[in-house]
Structures are given as C-alpha cells and as structure tokens.
Amino acid sequence: IILWNSALKSLAEGDSPCDAIRLFHRLCDASLTPDTFTCSFVLKACSRLMENSIGRTVHGYVVRLGFTSDLFLQNTIVHMYSSSGLMDDAQRLFDKMPQRDVVTWNILITQYTKWGEMEAAHELFDQMPERSVTSWTAMIAGYVQCKKPAEAIRLFGQMEEAGAEPNEVTVVGVLAACADLGAMDLGRRVHDYLNQCGYQKNVRVCNTLIDMYIKCGCLEVAQKIFNEMQERTIVSWSAMIGGLAMHGKAEEALGLFSKMTQIGLRPNNVTFVGLLHACSHMGLVDEGRRYFASMTRDYGIIPKIEHYGCIVDLLSRAGLLQEAYEFIKNMPIKPN
RNA sequence: UUAUCACCAGAACUCC
C-alpha cells in the first residue's frame, strides 16, 4: 500500500491529478485496503480537479473505513468540499466535527475568502479560539484578492498589535495591498523589515516587491531588485517587462524580453500581454504583430481574449481603425 | 514511505 500511496502522491501533486483517481480505482479493484494516507492523496486530487462528486464518494469510504477520528484527514475533506465549491457541505462537516484545530479553521476561512465571502471569513476569524500566522495571512490575502487593500492593511496593523510575527507569505499579501493602494511608505517599511528577516531571498517576495515599486512609480528600485535577485522566475521577468511597458519604456521592455529568451526562458501568456502592451503604447504596430505571431509559432501559446484585446488596442491607437475592426471580425474566439 | 491551511506578474473602458 505504501508503494501505491507514493505513486498516488506524485500523481495527485503532478499536472494530471485525474491519473491519481484512476490509480485509486485500480487499487480498489485490486482489493487493497486504503489507509488514511491513501485517502488524503485521492482527496487532494479531487480538490485540484474540483471533483466534488468523487470527493464525496471518497468521504464515504473514509467513514466506512472508520477513519473519521483522524483530524488530518477530516481537514483534507473540509478542504475538498470547500475548494470545490461546496461551502455548505464543508460548513456542515465543520460544524459537526468533534474536534478541530487551527488548520480546520484556516481552511474554511481561506475558502470563504476565495469565494468572495469576506464577512463569513471574518466572522470565523473572530470566533476561532487561537490564530496562527496562516490565519492572519489568509485574511490579509483574502482582502487583497477581494480588492479591499485598505482592509488588508488594517488587519496587518491588528496583527502587529496582537504580537504575531509576519512571515514571507504575510509580507507578500501586505506588499500587494501596498501596490494596489500606491502606499509606498508602508511598502518601504515592509521592505526594510524583510531585509532584516532575510526574506529578501525569497523569489515571491522579490516579485511582489518589484510589482509594488512599479505600481508606486518607482521603476529604478524595482529594476535594482530585479537585477540583484539570485534567481528569477517567469513572474519576475513578466512583472518587469510589464512594468517597463506601463511606464512607457517600450524599448527597454522589448530589450528585456530578448534577454530573457536568449537565456532560454520561455515566455508565457502574461509575458506577451506586457510586450503587446508596450508595443501598443509606443505605436510599434509591426513589432506588435510580429510578437503576436511568434507567440503561437515559436512558443505554442494560444492567444486569449486579452491578447486579441491588445492587438485591437494597438491597431486602434495607431489609427488603423478599419484594420482593427477586421481583426475583431476575424477573431477565432468570441470578442468581448 | 507518504498526508491537511495562507502568498507573486497581465490588456482595453471609467475614476484617481
């Protein structure tokens, strides 16, 4: 069963979680008895696929196998229901659980925020017996995601008052809120703080810092952080390219893009939005068209509505209205 | 041997 579990784990965490479910069925057919680990991996696969009907079946197995007192597994089930849209089922299970831990609460809080139900999330947050850093972070990130950055920052203040230590993930949320608000003063303070903690080595932290400085109009600092990063991801590059475009530095954006491809990093669809945006603001019609073509030809990226939007924008700004109109009429996807 | 919670980048319109 251990071997099966290991295989299940990697499938559940890989890019084809439905294979984990298939394997689980084979395991059952082979009349092996799943243990708690087995169940947790299938449930994880279900969560990732938003497969709540299979998830419910697995929940049934868990009950039949007598695993209901395993808190770890119960939490996984709460996660499965809530992340796949069945908040009511999740809440019902939560309500009748004989014991809960901070993770149980965090899961439900996070999922309420994901579905935009900040009031419900906050109510749970107020009710929970003890809060971990994750609880605070989940709420802060939730407010950011719901476009309430001021609330996020207010909560961050309360977190400090409560004496909880923010970690890397927390600061990402706070920095994102600063970016949305253009609150560079607080952003800088957080930046100082994270330098002291050594968090500046974290790629996601740096990416968010870059984004924050860009949104606050401080391109130089963003660029400096980008240059000094020990390791960059596609997000780092895309943020920087998009930032340069945002500030009218199309040449530099295009230059950075070619540097990126030279080192063999593959752009993704977001990178192309930034690039096309740069072209559109500089009136680089031909370049824009070339990048648009290269996107699919060289990188196999299927353009989405936002890419078509960029081209329409590019053509229209350049005064090529007729062509823009033709382009819309010929789009293979439905224009919005 | 293995399991559960939080975090990063993107166009156009409006406002700033």
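# Reading the contacts and salt bridges

Of the 42 residues around RNA strand B, Ile2, Phe72, Val172, Val273 and Glu306 come nearest. The model is predicted.

User: Which parts of RNA strand B lie within 4 Å of the protein?

Analyst: Sugar or phosphate supplies 45% of those RNA atoms. The rest belong to bases.

User: Why is the approach of Lys114 to RNA strand B called a polar contact?

Analyst: The cut-off is 3.5 Å between N or O atoms.

User: What does Thr110 contact on RNA strand B?

Analyst: A sugar or linking oxygen, 3.3 Å from a polar side-chain atom of Thr110. This distance also falls within 3.5 Å, so it is a polar contact.

User: How do you know that Asp211 and Lys215 form a salt bridge?

Analyst: The rule asks for a Lys or Arg side-chain nitrogen within 4 Å of an Asp or Glu carboxyl oxygen. Here the N to O distance is 2.9 Å, so the pair passes. Both residues sit in helix H13 (residues 203-215). They are four residues apart, which means about one helical turn separates them.

User: Why are Asp211 and Lys215 called partly exposed?

Analyst: Partly exposed runs between the buried limit, under 20%, and the exposed limit, over 50%. Asp211 has a relative accessible area of 25%. Lys215 has 39%. Both values fall between the limits, so both residues are partly exposed.

User: What makes Arg22 and Asp19 a salt bridge?

Analyst: Their closest N and O atoms are 2.4 Å apart. The limit is 4 Å, so the pair counts. In helix H2 (residues 17-29) they are three residues apart, or about one helical turn. Asp19, at 27% relative accessibility, is partly exposed.

User: Why is the pair Arg289 and Glu323 said to tie parts together?

Analyst: Their side chains meet in a salt bridge, 2.1 Å from N to O. Arg289 lies in helix H18 (residues 285-299) and Glu323 in helix H20 (residues 321-330), so the pair ties together parts that are 34 residues apart in sequence. Arg289 is partly exposed at 35%. Glu323 is partly exposed at 32%.

User: How many salt bridges does this rule give, and which residues are linked in a network?

Analyst: The count comes to 14 salt bridges. Lys9, Glu13 and Lys44 are linked in a network.

User: Is Val235 buried, exposed or partly exposed?

Analyst: Partly exposed. Val235 is found in helix H15 (residues 234-246).

Methods. Residues are numbered from 1 along each chain as its sequence is written. Chains are lettered from A and ligands numbered from 1 in the order in which they are written. This is a predicted model: local features need pLDDT of at least 70, side-chain atom pairs count only at pLDDT 80 or more; totals for chains, interfaces and linings use all residues. Side-chain values use heavy atoms; hydrogens and water are left out. A residue is near a molecule or strand if one of its heavy atoms lies within 4 Å of it. A polar contact is a pair of N or O atoms within 3.5 Å; within protein, one must be able to donate a hydrogen and the other to accept it, and residues adjacent in sequence count only if both atoms are side-chain atoms. Helices (H or I, at least four residues) and strands (E, at least two) are DSSP runs, numbered from the N terminus. Buried means under 20% relative accessible area, exposed over 50%, partly exposed in between (1.4 Å probe, protein chains only).
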